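Visitor: Could you show me the structure and take me through some of its local features?

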Amino acid sequence: MTPDPEAEEPKDAARADVFRAPVGTHDVLPPESDAWIGVVSAFAERAARFGYGLVTTPLFEHVEVFQRVGEHTDVIRKEMYDFTDKGGRHIALRPEGTAPVVRAYVQHRPTPPWKVWYIAPNFRYERPQKGRYRQHWQLGAEVLGVDDPAVDVEVIALAHGFYRELGLKRVQLVVNSMGDQNSRPAYSDALREHFLREGGALGDDFVARTQASPLRILDSKRPDWQDVIEHAPQLFDYLNDESRDHFEAVQRGLDALGIEHEIAPRLVRGFDYYTRTTFEFVSDALDAAQNAVGGGGRYDRLAEEMGGPPTPGIGFGMGVERILIACESEGVAPARPGPGIDAFVVDDLGDTTATVLLQELRDSGVGADRAYGGRSVKAQLKAASRSGAAFAVLLFKAEAGRGAVVVRNLATSEQLEVPREQVVAWIVEHRGATAS
Ligand code: HAM
């Protein structure tokens, strides 16, 4: 049985901690959040280059939307945050991103191919550990309405190149085919037979799970089950010609793009909706138990199961927190987009000059900041250094009387008097030059 994560948390201690982020969740604060927004904006930019538009769906859905995707999976059976709302509806917080996107497709019927990406938090009541949280964020992409293996290749390439663009070198791609609805039943039967024959001694839970869904046994990490899993028949041997052709075309496409991949015959992934191509990106920069920095696959029957027309689909989700752990461990720092602080205004006048100058700087595209509360010039200069700005603009009475300000290069301490009316243009001109 999966241990109850709550058993680890004494209720009294939890009560004393009510003004802390709940167990398994965390806040993301600056400056660490620079890397977070760096990752998200790099993906937004890459997805746009591939022709994907942003989709947002509600944080919660009718529970049935998710029940479709995994009646046999822990994520849906045990880990969902579900509740009854004040109108008596059974609601669940999103545990994963694909089902809501397919629900939105079925509801709105956009013209295929529908190529979308998303950034969204997901909620799973799991046992928290490094890289495994009760709220995690996923960047993902989905394509609905195309069966062509070229789409599988494009979707995989979108994710694969993203890790590379970030600078991650230790991310490996593993791929498999789950077969289609025609080849899967034969494999499930063979698997069930194998597990019941070889694993009868593994206990009631094993037998019950085998009977319910033998494929789910394959992705179990339970050490005592590994031997029988190791010797299980391989899905690949049960693929029909169509599934095999599709899988081979996907591999040819990956080869043509020089995308290295390993075939993982036991990769089944954690949801019931997968058909044909499945894949995962794993990084040895993470602990083995949580080493997937992303994963996805085809789900050619899901739209139909939600009452839509038959519509093939494929996509992936990538855990932002895990990507950030991998970045840290590989010494990669995703850069925040937009300007840093270029200029820091030090105010010894105490009137509205600083306020107006800051506005002018910011409206001209310059990152600019100030201290508040009438602090001493010395304290303000300290704050200026801390801000990372290249220049301080000093507003002193003597120069103000001449219609001027002092610009100080914070790296060299050189100072220069600049007419007040020209200082914004001066900073715009010089900010790149000294940025080190
Ligand atoms: P998933 O494998 O459950 O797939 O999650 C995708 C990624 O989200 C994982 O590879 C991992 O990086 C991250 N992740 C999952 N659970 C957690 C957690 N508890 N804490 C931190 N990170 C986590 C899906 O959710 C599918 N919707 C992917 C997909 C899209 N398949 C087709 N389209």
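Predicted model: local features only at pLDDT ≥ 70, side-chain atom pairs only at ≥ 80, totals over all residues.

Visitor: What kind of peptide bond links Pro30 to Pro31?

Guide: That bond is cis, with omega near 5 degrees. Pro31 lies in the loop between α1 (11-16) and α2 (33-49); helices (H or I, at least four residues) and strands (E, at least two) are DSSP runs, numbered from the N terminus.

Visitor: And what about Pro112 and Pro113?

Guide: A cis peptide bond joins Pro112 and Pro113, and its omega is about 0 degrees. Pro113 belongs to the loop between α5 (98-108) and β5 (114-123).

Visitor: Where is Arg109, and what is its phi?

Guide: Arg109 is in the loop between α5 and β5. Its phi is near 50 degrees, a positive value in a residue other than glycine.

Visitor: Now Arg276: is it buried or exposed?

Guide: Arg276 counts as buried because its relative accessibility is 11%. Buried means under 20% relative accessible area, exposed over 50%, and partly exposed in between (1.4 Å probe, protein chains only). Arg276 is in strand β9 (residues 275-283) and has a positive phi of about 50 degrees, although it is not a glycine.

Visitor: Why does Arg109 count as partly exposed?

Guide: Arg109 counts as partly exposed because its relative accessibility is 47%.

Visitor: Where does Lys382 sit?

Guide: Lys382 is in helix α15 (residues 377-387). Lys382 counts as exposed because its relative accessibility is 56%.

Terms used:
Residues numbered from 1 in each chain as written. Heavy atoms only, no water.
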